[in-house]
Amino acid sequence: MGRKLLLENINVPGINTFEVYRKHGGYRAVEKALKTMSTEDVVEEVKKSGLRGRGGAGFPTGMKWSFLAKPEGKPRYLVCNADESEPGTFKDRYLITHIPHLLIEGMIVASYALGAKTSYIYVRGEMMPQIRILERAIAEAKAEGFLGKNILGTGYDLELYVQPGGGAYICGEETALIESLEGKRGNPRIKPPFPAISGLYNCPTVVNNVESIAAVVPIINDGADEYAKLGIGRSTGTKLISASGNIKNPGVYEIELGVPVEEFIYSDEYCGGMANGKRLKAVVAGGSSVPILPANLILKLTTGENRLMSYESLAEGAFASGTMLGSGGFVVFDEDQCIVRNTWNFARFYHHESCGQCSPCREGTGWMEKVLHRLEYGHGKLSDLDLLVDVAKKIEGNTICPLGDAAAWPVASAIRHFRDEFEWHVSHAEEAMGRNYGLAHYADPLPKAETVAAN
Amino acid sequence: MLKISETDEIIFTPELLVKFNEILLRYPEDRQKSALLPILHLVQAEYGWVSSPLMDKVADFLQLKPIEVYEVATFYSMFFLKPPGKYMLEVCRTGPCCLIGAETIMKHIEERLNVKEGEVTADGLFSWRGVECLAACGMGPVLQIAPEYTFYENLTAASVDELIDRLRLTTAEKAQIII
Ligand SMILES: Cc1cc2nc3c(=O)[nH]c(=O)nc-3n(C[C@H](O)[C@H](O)[C@H](O)COP(=O)(O)O)c2cc1C
Ligand code: SF4
Ligand code: FES
């Protein structure tokens, strides 16, 4: 069994209450940080832990904190990103529902480290029940002296508020989130200036994912060195993986980074293998925005080694044969799933969620949706495949925020790896309306890189 | 459910105003615009949707131009710009849920309620629509019911039928108590 740092106590009855959480060692990190550490010490500890942002981009959290500007006379803000809208990702909802005090404890420690006196947790509006859970937990923590004025007699003041979103995926992007928190449409801002210099109300701001902030608690409790012992290479610590799709045991798993993908899918400790005895066709490993990989490429690297659940190993092979850990939304497809239909579904999602500010994204996502729709419904042309690749290329890198790339990658990678299935939808349009393409060769073992070279 | 018509004068209840004012305390003094989304949610919970007179009234309260409220209410998918049914069933229609049957569930709801996506049943009780990933893909198919946002997981045709029957029954019982 891998070590658990965030979900260790998740099944303890009543752990959602202050009392039980506290009894199980809760709020020790607040005591330790506020009473025995300077703000710089806390930042340094998080830096040393190697923790990387768990919201998708994987940027080192401690480094992000150290970039925060500290001009005289201006407040600084910490905003927690609980917008969780990336298809395939459901870990933050899970954590907030079952162990809300872990997030609040992390928020207090992180706010202290950053010198924030007011912090916000921006929760997607649909999570009304979770908003109520957080508000109740905040009230409890405040009643116990862990929030408000002069926390634990240390002289540090902090107010923590929950802000609801309104239903818009784009508000997960940090500058769109800030706009939304200011009561505006969620249109991402042009960077620079970065939020660290000018964010919420034009003040220095850090935006961090729920899981990143929760991970600060074990880092402070056990020390950065203990945390960094877990994981592999630059992928330190543990990661929450949201596992969904055609597997026996979908759910949220805390893994030590570095578990082989094959073990994650097939071992009973995690996904428990494929549902209904079917075979594995493909995986989207890090939420809908990352490239989809066929079974053979997700399980093994082209060198024949096992692919691991880590930032580096999942990215190995770059665009040709790799993907990304992203937000850890692990979606598993069995042999009966249609890649064309799923690609169309994702394209429709990005078109629906584009904020409309930049034309390559606004128009390009619409074209991709339309072309994929006609491929799926039997009116496609062979030239559509190149058209899709071309549109994807023209979006990529030409937009204000990364949603454009996020929309382009799933389409480009699906065509790269499943081209024959797309072509079949054109050549056998009628048949494709009635049945799915099936597994084809996507699960065949990869030709090993060495043997190819030796020949 | 629908407490106003477009022509009625809107007066926010004192209870609602207390909540509005509490929300304003969360932000720096000159940043009352930040309260817009939370207040729109409260207004929608109270009135069932956000009509233009309601938006004007919110603008008034927050000292914003009406357009500042309209542009926000139209940007976010949660705000209803026309009245939905008393129970708005919102089913996740995104990829991961479709791998495990979300499309079948939507078709079933459409047939069962006998209204198209976005339309309201004749008795005003139900409407439904597909929405994007609700961050519960491992428990899919899922639906939530606005305006309370109660959440239902691992849906089957049978569990959806049961849910709809129960909502009908509860409404009928409540109506009897009032009579
Ligand atoms: C379109 C888009 C959607 C995003 N959605 C989320 C989200 O729902 N939750 C999240 O934490 N980060 C999301 N991000 C990443 C954030 O912009 C930001 O990088 C993150 O919140 C930083 O926190 P971290 O460093 O702790 O990961 C999104 C980014 C983009 C471009
Ligand atoms: S890339 Fe798309 S979502 Fe991002 S700012 Fe441009 S239009 Fe908006
Ligand atoms: S895809 Fe349905 S909840 Fe995520």
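In the predicted model, chain B contains seven helices and four strands. Their order along the sequence of chain B is α-α-α-α-β-α-α-β-β-β-α.

The C-alpha trace of chain B extends over about 50 × 45 × 25 Å along its principal axes. Chain B has 179 residues, of which 51% are buried. Contacts in chain B were also sorted by separation in sequence: of those between residues at least 6 apart, 63% connect residues at least 24 apart.

The accessible surface of chain B amounts to about 8,600 Å². Carbon and sulfur atoms account for 55% of this surface. Among the side chains of chain B, 17 are positive and 26 are negative. The centres of these two sets are separated by 1 Å.

Empty space in the model was examined as well. Rolling a probe the size of a water molecule over the atoms shows where such space is left. The largest pocket has a volume of about 1,400 Å³. It is lined by 49 residues, and those closest to its centre are Gly55(A), Gly56(A), Ala57(A), Gly58(A) and Pro402(A). Four elements of chain A, namely α5 (91-98), β4 (205-209), α13 (311-315) and α18 (403-427), each contribute at least two residues to the lining of this pocket. The greatest contribution to the lining comes from β4(A), which provides five residues.

Methods. Residues numbered from 1 in each chain as written. Chains lettered and ligands numbered in written order. Predicted model: local features only at pLDDT ≥ 70, side-chain atom pairs only at ≥ 80, totals over all residues. Heavy atoms only, no water. Buried < 20%, exposed > 50% of the residue type's maximum accessible area, 1.4 Å probe, protein only. Contact = heavy atoms within 4.5 Å. Areas by Shrake-Rupley, 256 points an atom, 1.4 Å probe, with all protein chains shown as cover. Lys, Arg positive; Asp, Glu negative; His and termini not counted. Charge placed at Lys NZ, Arg CZ, Asp CG, Glu CD. 1 Å grid on protein atoms, 1.4 Å probe; cavity = no way out; pocket = protein on both sides within 12 Å on 5 of 7 lines; lining within 4 Å. Points joined across faces, edges and corners; volume = space filled by probe spheres on them.
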